[in-house]
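Me: I would like to go through the pockets of this model with you, and to ask on what grounds each description rests.

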Amino acid sequence: MSIIIDKLHLIWIYVVLSFRNYIQFPVEFFMNFLMVFFDVFAVFLFWLSLSSLQIGISNWNENDLLIFVGMSILSEAVSKILFGFRDIEYFIIDGSFDKFLIRPQNPIFSMLMEKLNVFVIVSKTVIGTATLFYLKIMRGVAFRHFYPALVICVLGTLSYELLYGTFSLLAFWFGKIYNARSIVFSFQTIRKYPLDIFPNTVKNLFTYIIPLALVATVPSQIITGKIQMQYSFLCIAVLSFSVSLLIFYVAQKRALKRYSSTGC
């Protein structure tokens, strides 16, 4: 129990440091705010434009799409917790990964916490939640099985990020893997669209192999009542997360043994 409390205390320290890092640079803080605003605004503008042009998207109406957008934004907030995976390659190539090895904690965990962007995480959580509250309260949209859907969204997001993190660990063996990593990262573009607009083969691939459908599509369909198998998908999400975590755990153990300081 004390280990868990110590770990939570350590995470809290990193959260405070991340927040202080942003507020001491007002211009950077403001630019981060603009970045989040335009990022979210672009998503809303895209889907609302399609709706206003009366362009049909499978069986998704305007409220359904706004639920999808809200869940997508919440998923992005969860993704930012593990944003540091994108910098593993650079830390290894220039040897700066060494500084994480001298700290009395897991170096991968330390790196992720150092790259934590609390401002973006909180901002997108607030915006995503506000979107769903707006639909629920102002538009009177009926939400079905919201909490299982939210858990599926979180676990699906973490599963994908852990798989991406596992792929990023290849830098311990091959050094520069930017182009290969960019190909894997580009899969994230797919989660911006309801995956039931794709053929069944593609939909199954991004549900059971690469769990991008669990990020926003499936949770939104559960909330809107388009699918009723919420507990089946919840089991799939738990299994996907468990397998992704196990793969990452084994990979990072071997990767750390492979590292020999100042690069691979």
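Me: Which helices each supply at least two residues of the lining of the largest pocket?

Reply: In this predicted model, α2 (26-52), α3 (62-79) and α7 (118-138) each supply at least two residues of that lining.

Me: What makes a residue such as K124 part of the lining of the largest pocket?

Reply: A lining residue needs an atom within 4 Å of a pocket point, and 26 residues line the largest pocket, with D39, E76, K124, R191 and K192 lying nearest its centre. The volume of this pocket is about 600 Å³.

Me: What makes up the lining of the second largest pocket, by residue class?

Reply: Its lining divides into 14 nonpolar residues, 2 polar and 1 charged. The volume is about 410 Å³, and α13 contributes the largest share of the lining, 6 residues.

Me: How do you know where the model's confidence is lowest and where it is highest?

Reply: On the pLDDT scale from 0 to 100, α2 has the lowest mean, 70, and α8 the highest, 93, while the chain averages 82 and 91% of its residues score at least 70. Where pLDDT is low, predicted coordinates should not be read in detail.

Notes: Residues numbered from 1 in each chain as written. Predicted model: local features only at pLDDT ≥ 70, side-chain atom pairs only at ≥ 80, totals over all residues. Heavy atoms only, no water. 1 Å grid on protein atoms, 1.4 Å probe; cavity = no way out; pocket = protein on both sides within 12 Å on 5 of 7 lines; lining within 4 Å. Points joined across faces, edges and corners; volume = space filled by probe spheres on them. Helix = DSSP H or I, 4+ residues; strand = E, 2+ residues; numbered from the N terminus. Nonpolar A, V, L, I, M, F, W, Y, C, P; charged D, E, K, R; others polar. pLDDT = per-residue confidence, 0-100.
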